[in-house]
Each structure stands twice: as C-alpha cells, then as structure tokens.
Amino acid sequence: MSTHIRKGDTVMVMAGDDKGKTGEVLRVDSRNHKVLVQGINRVFRHLKRSKQHPQGGRIQKELPIDSCKVLPVDPTNQKPTRVRFRIGSDGLKERVAVKSGAVLGVVKKKSE
C-alpha cells in the first residue's frame, strides 16, 4: 500500500503542540504509521553523568509523530493538501496534490 507521505517531503503539522509548523520528513515508519519531521515534536533527554557525558546535561531531539497529523505542502501555493494517486500516461504511479493537481512525486516505476 502506498503512503501519502514520503521521505524528503515538506509537510505541515495539522494537530498537536506544533500545529501550523512545517518541516522536512527525515524518516517514515509505515508499520507504526509514524513520521520523523525535522524541528517538530522536540523533547529534552536528561542525561546522568557518565564517562561519555562527564557533565551530564540535556539533549534536545525530535520524536516521531503520527502520520495522520501531517499533510504534504503543495509546491504551487505552499498550503497543505491531501494526496491522490493516479497512473500517468507513461504508466508511472504518481502522487498528485488534490487542490492544484501538481505532481508531488513518482511512487512506482513501470516494471518491464
């Protein structure tokens, strides 16, 4: 099954604390329906003193969020859009923005 979000897409968060923010997708976990977006859902990891971290401290990192909470950004008007799939005239399966009809990327190449 094809997913509406792919690695490298620019997405906008539609729900949660980071609602309205945009970022690039770094990783997609299709099994758990999660995506890791750059700069979104940042949390602090508190570290105890150790040999690797002699002073301890806090590290800020991103955690994955549900893929249903993000939408791809339409390249023509920079607004979030839903995605449809269509088979192009050359036999390639494409992701298409619903609002403008712009092609977001090729999903599957033609098997020969």
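Predicted model: local features only at pLDDT ≥ 70, side-chain atom pairs only at ≥ 80, totals over all residues.
Residues are numbered from 1 along each chain as its sequence is written, and side-chain values use heavy atoms, leaving out hydrogens and water.

Now the fold. You'll find zero helices and ten strands here (helices are DSSP runs of H or I with at least four residues, strands are runs of E with at least two, numbered from the N terminus). The radius of gyration, taken over C-alpha atoms, is 18 Å, well over the 13 Å that the globule rule (2.2 Å times the number of residues to the power 0.38) gives for 112 residues, so the chain is more spread out than a compact globule. Its C-alpha trace spans about 60 × 35 × 20 Å along the principal axes.

What about the inside? Of the 112 residues, 26% count as buried, meaning under 20% relative accessible area (1.4 Å probe, protein chains only). Ile5 is one of the nine residues in the largest nonpolar core, a set of buried Ala, Val, Leu, Ile, Met, Phe, Trp, Tyr and Cys residues joined through side-chain atoms within 4.5 Å. Strands β1 (10-13) and β3 (34-37) each supply at least two residues of this core.

How values were computed
Buried < 20%, exposed > 50% of the residue type's maximum accessible area, 1.4 Å probe, protein only.
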